[in-house]
Amino acid sequence: MAKSDDGIRILQGLLIFGNVIIGMCGIALTAECIFFVSDPHGLYSLLEATENDDIYAAAWIGIFVGFALFALSILGIVAVIKSSRTLLMVYIILMLITYAFEMASCITAATQRDFLTENHFLKQMLERYKKSNTDNNNDKRRSEEVTKTWDKLMLQNECCGVYGPFDWQNYTSVFRITHSDADYPWPHNCCVTNAQGSPIDLNGCKLGVPGYYHSKGCYDAISGPMNTHAWGVAWFGFAILCWTFFVLLGTMFYWSRVEY
Amino acid sequence: FDNTVEPGSPGRQFQQFPSDAKAYMTLNTSILNYPCPKTPGEISVLRVGSETSCTKDKNRPTCNGPLPGPGPYQVKFLALNDSGPVAETAWSEPITLRTAQPLSNISTAPSNHSAAMIAITSILSILFAILLATLVAMLLCGTEPTCGSSTFSKPEEVRVQRYNTHHVYDQPAARL
């Protein structure tokens with residue numbers, strides 16, 4: 001049965017190779033998801049305030065799934081070399097469970113990304129930025145986090161509002177309750193500042209003279225990292241799962257051929 | 001519009017506008033504030049409604065306070081010297097101020113699901129379904145030993161034992 005033996009050898013070799021790739025991709029997935037969870041752009045508070053932070057849940061799942069893939073790939077290599085039916089069955093079952101979790105993570109990341117539109121952030125900004133009469137501690141904490149995040153965003157990215165500074169003119173907001181339209185047509189963080197941090201011409205900023213206020217909207221600065229996060233988790237996970245699909249099919253076929 | 005009425009006199013006070021005074025005069029400044037040529041880096045802006053502190057102060061009839069309603073308003077410039085008005089512009093077009101929409105009007109309903117999300121969900125679901133079906137088939141098939149065409153045997157562990165061979169010519173005592 002030399003021909004069949006050769007075929008089996010090739011299948012073993014392919015399965016081991018497939019498991020090596022899965023192991024490496026598992027480590028890469030863990031690293032990528034740890035990077036996203038660490039929130040280098042500080043945007044988590046914007047999502048948490050509206051309880052729409054499932055993208056971070058997807059990244060957390062990704063961390064554990066990546067590690068599980070690495071461990072299972074080692075188990076898979078051992079099982080293929082030993083040609084043990086029990087080990088292969090354990091490997092297949094655990095891989096399917098991991099597959100299901102990773103599938104959940106990818107679908108969550110992709111679906112949640114679709115919820116994060118410009119209007120979503122606009123409404124939240126108008127409802128929470130510089131909110132003063134908060135209902136309870138939770139509300140107060142969230143509003144303070146949102147205010148801090150927006151201030152940092154507007155300062156670092158030289159932008160104002162979601163679509164632009166006229167967001168505060170076009171809609172009512174909690175900001176408008178405490179800050180009159182005459183003094184603050186838009187927050188003073190939207191003004192171009194000098195080296196000391198104060199606006200170079202407050203009247204020019206209030207009037208909207210080009211060059212004295214930031215007329216760009218901040219949505220690009222938010223959606224850029226958000227998109228990278230969501231698509232990084234979703235598409236990389238999808239690629240891993242496609243590869244794992246073939247390795248698992250091969251493993252199941254191999255299992256059915258092992259004599260017991 | 002009678003341009004001989006002094007700024008700040010009754011009938012021209014900010015605090016009486018718009019009920020008792022049909023017009024008010026504000027943003028009074030002197031010619032020294034508008035030098036020619038302009039100081040580079042400075043901009044001259046005239047913002048109606050900047051002073052919020054003197055809105056109710058009757059001692060400041062030329063207060064540049066915030067306008068009381070959405071309008072429409074008309075503005076004109078008036079140049080005066082000691083003897084009275086020397087020049088004035090025509091009335092501007094009526095200006096209506098911006099009205100803010102209530103924030104509840106913003107609809108946060110997401111637009112259609114993106115193509116990427118649909119592709120990911122459907123393809124992954126199909127692949128998972130195939131895997132589960134194959135697993136079930138494999139388990140059902142695996143319980144019957146005659147299922148499948150050929151099986152292969154596990155690699156046997158062949159043990160080679162070392163034998164100590166006694167060679168006749170290795171016994172030096174026999175040579176003697």
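Predicted model: local features only at pLDDT ≥ 70, side-chain atom pairs only at ≥ 80, totals over all residues.

Colleague: Start with chain A. Which domains is it divided into?

Modeller: Domain 1 of chain A covers 1–116 + 225–257, and domain 2 covers 118–217. Their centres, taken over C-alpha atoms, are 42 Å apart.

Colleague: How many residues does each of those domains put into the contact?

Modeller: There are 14 from domain 1 of chain A and 13 from domain 2 of chain A. Together the two domains bury about 1,100 Å², with 57% of that area from carbon and sulfur atoms.

Colleague: And how many salt bridges between them?

Modeller: The count is one between domain 1 and domain 2 of chain A.

Colleague: OK, which residue does A:Glu48 form a salt bridge with?

Modeller: A:Arg141 is the partner, and the closest N and O atoms of the pair sit 3.5 Å apart. For polar contacts, the count between domain 1 and domain 2 of chain A is two residue pairs, both residues at pLDDT 80 or more.

Colleague: Switching to chain B. How is that one divided?

Modeller: Chain B has domain 1 at 1–96 and domain 2 at 114–143. The centres of those two domains are separated by 75 Å, again over C-alpha atoms.

Colleague: Now the two chains together. What area do chain B and chain A bury between them?

Modeller: About 4,800 Å², and 71% of it is on carbon and sulfur atoms. On the chain B side that touches chain A, the residues split into 24 nonpolar, 21 polar and three charged. The contact takes 48 residues from chain B and 59 from chain A.

Colleague: How many salt bridges there, and how many residue pairs in polar contact?

Modeller: Zero salt bridges between chain B and chain A. The polar contacts across that interface come to nine residue pairs, with both residues at pLDDT 80 or more.

Colleague: How does the lining of the second largest pocket divide into nonpolar, polar and charged?

Modeller: Six residues of that lining are nonpolar, eight are polar and four are charged.

How values were computed
Residues numbered from 1 in each chain as written. Chains lettered and ligands numbered in written order. Heavy atoms only, no water. Domains from an automatic or database assignment. Nonpolar A, V, L, I, M, F, W, Y, C, P; charged D, E, K, R; others polar. Contact = heavy atoms within 4.5 Å. Buried area = accessible area lost by both parts, 1.4 Å probe. Salt bridge = Lys/Arg side-chain N within 4 Å of Asp/Glu carboxyl O. Polar contact = N/O pair within 3.5 Å; in protein donor to acceptor, adjacent residues only side chain to side chain.
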